[in-house]
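Me: I have the sequence and the model open on my screen. Please take me through a close look at the packing here, starting with the aromatic rings and then moving on to the helices.

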Amino acid sequence: MGKHVVVGSGQVGTHLATKLLAQGHEVTVVTRSGNGPAGATRVAADVADRRRLTEITAGADTLYNCVNPQYHRWLTDWPPMAESFLATAEATGAVLVILGNLYPYGPVTGPMTEDLPLASTSPKAQVRAKIWVDALAAHEAGRIRVTEVRGSDYFGPGTTDQSYLGDRFLAPLRAGKTIQVPWPTDMPHSWTYLPDVADALIVAGADERAWGRPWHVPTTDPVSFRQLGERMAAILGKPAPRMVQLPWPLVRTLGLFSPMLGELRHVRYQFVAPYVLDSSEFQETFGVRPTPLDVALKATLAS
């Protein structure tokens, strides 16, 4: 069994740490507040403090970057943290596993594969792209070993209130009320199950075939908001829910008062056209399949 350092204890970091603990590993969870699942060594630290992060990570096999700053603070919060992760990986020799996302690809036509250029012109997406570009350069220079794992929008047990399929979707579904969503209700969209994200991170950190390139989390075929609502309602034994799309001008107006809603303009392209993640390369290379959708939805509703 090895030593693993998980930085971040949000919706992904918690699943990851819990799975590593269940496998018998020594797990240290690093957050600003010192939170983390029972059984892990919980450390409160500023991730941007490279000396402190290096001290914590000494002797670790793997260092997982599962940090998720508030979206409207990416431009200020990400650069010093990313530099700290690189310095720590180089100083300790731990494999650096980065939890990435699909934003750097920008608008695309057709399914997204790992070989797409990081072509987005959005400043926030460019910040995320630079994290990977800098890490890959360090890997190719022989300074670190690194990989990045990318998923689409998350759902599942432990999902935060920022998820489109969190309480704002599930509460009216359970109550038989109208579900309001900010995007078209019938557009195909890829959804990535949180436990599958954690599994992919563990595989990528332990298998040297994963190092030096990005990977997509095993993800099921795309489905629309309406299809998800209908399948969840069927699981609950309820009729198909009524679903309406909030007018975009209203969403923009609400964004003037809510930083989170205000940022939706940057990701609108992901929902007004099909948004399809191709994870076949990870599945074929490592023999890992996504959790079947109905199984994942049942677990989500049970939580």
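Reply: F155 and Y193 are both buried (buried means under 20% relative accessible area, exposed over 50%, and partly exposed in between, with a 1.4 Å probe and protein chains only). Please keep in mind that this is a predicted model, in which local features need pLDDT of at least 70 and side-chain atom pairs count only at pLDDT 80 or more, while totals for chains, interfaces and linings use all residues. Residues are numbered from 1 along each chain as its sequence is written, and side-chain values use heavy atoms, with hydrogens and water left out.

A pair of aromatic rings is described by the distance of the centres and the angle of the planes. In this structure there are 15 aromatic pairs (rings of Phe, Tyr and Trp, the last by its six-membered ring, pair if their centres lie within 6.5 Å; planes under 30 degrees apart count as stacked, over 60 as edge-to-face and the rest as tilted). One of them joins F155 to Y193, with 5.3 Å centre to centre and 40° between the planes, a tilted arrangement. This pair brings together distant parts of the chain, since F155 sits in strand β7 (residues 153–155) and Y193 in strand β9 (residues 191–193), 38 residues apart. Strands (E, at least two residues) and helices (H or I, at least four) are DSSP runs, numbered from the N terminus.

Y269 and Y275 have ring centres 6.5 Å apart and planes at 75°, so their pair is edge-to-face. Of these two residues, Y275 counts as buried because its relative accessibility is 4%, and Y269 is partly exposed at a relative accessible area of 23%. There is also a cluster to pick out on your screen: Y164, F169, W183, W191, F225, W248 and F271 are linked by ring pairs.

Now to the helices. Two packed helices are described by the angle between their axes and the distance between the axes. Take α1 (residues 11–22) and α6 (residues 194–206): their axes come within 9 Å and cross at roughly 60° (axes are lines fitted to C-alpha atoms, for helices over the stretch in contact, and angles run from 0 to 180 degrees between N-to-C directions). The two are therefore oblique to each other (angles under 35 degrees count as roughly parallel, over 145 as roughly antiparallel, 65 to 115 as roughly perpendicular and the rest as oblique). The crossing of α1 and α6 is right-handed (left-handed if the near helix is turned anticlockwise from the far one by less than a right angle, right-handed if clockwise). On the α1 side, Q11, V12, H15, L16, K19 and L20 meet L194, P195, V197, A198, D199, L201 and I202 of α6 (contact means heavy atoms within 4.5 Å). Sorted by class, nine of these residues are nonpolar, two polar and two charged (Ala, Val, Leu, Ile, Met, Phe, Trp, Tyr, Cys and Pro count as nonpolar, Asp, Glu, Lys and Arg as charged, and the others, Gly among them, as polar).

Next come α2 (residues 50–57) and α3 (residues 74–92), whose axes come within 9 Å and cross at roughly 40°. That angle makes α2 oblique to α3, and the crossing is right-handed. R50, L53, T54 and T57 of α2 contact E83, S84, F85, A87, T88, A91 and T92 of α3. By class, the α2 and α3 contact has four nonpolar, five polar and two charged residues.

In a further pair, α7 (residues 225–236) and α11 (residues 293–302) have axes that come within 10 Å and cross at roughly 65°. These helices are therefore roughly perpendicular, again with a right-handed crossing. L228, R231, M232, I235 and L236 of α7 face L293, D294, L297, K298 and L301 of α11 in the contact. Here the classes are seven nonpolar, no polar and three charged residues.

Finally, have a look at E281, which lies in helix α10 (residues 280–286) and is partly exposed at a relative accessible area of 36%. Not counting residues up to four places away in sequence, E281 touches E114, R213 and W215. E114 is 167 residues from E281 in sequence, yet their C-alpha atoms are 8.5 Å apart.
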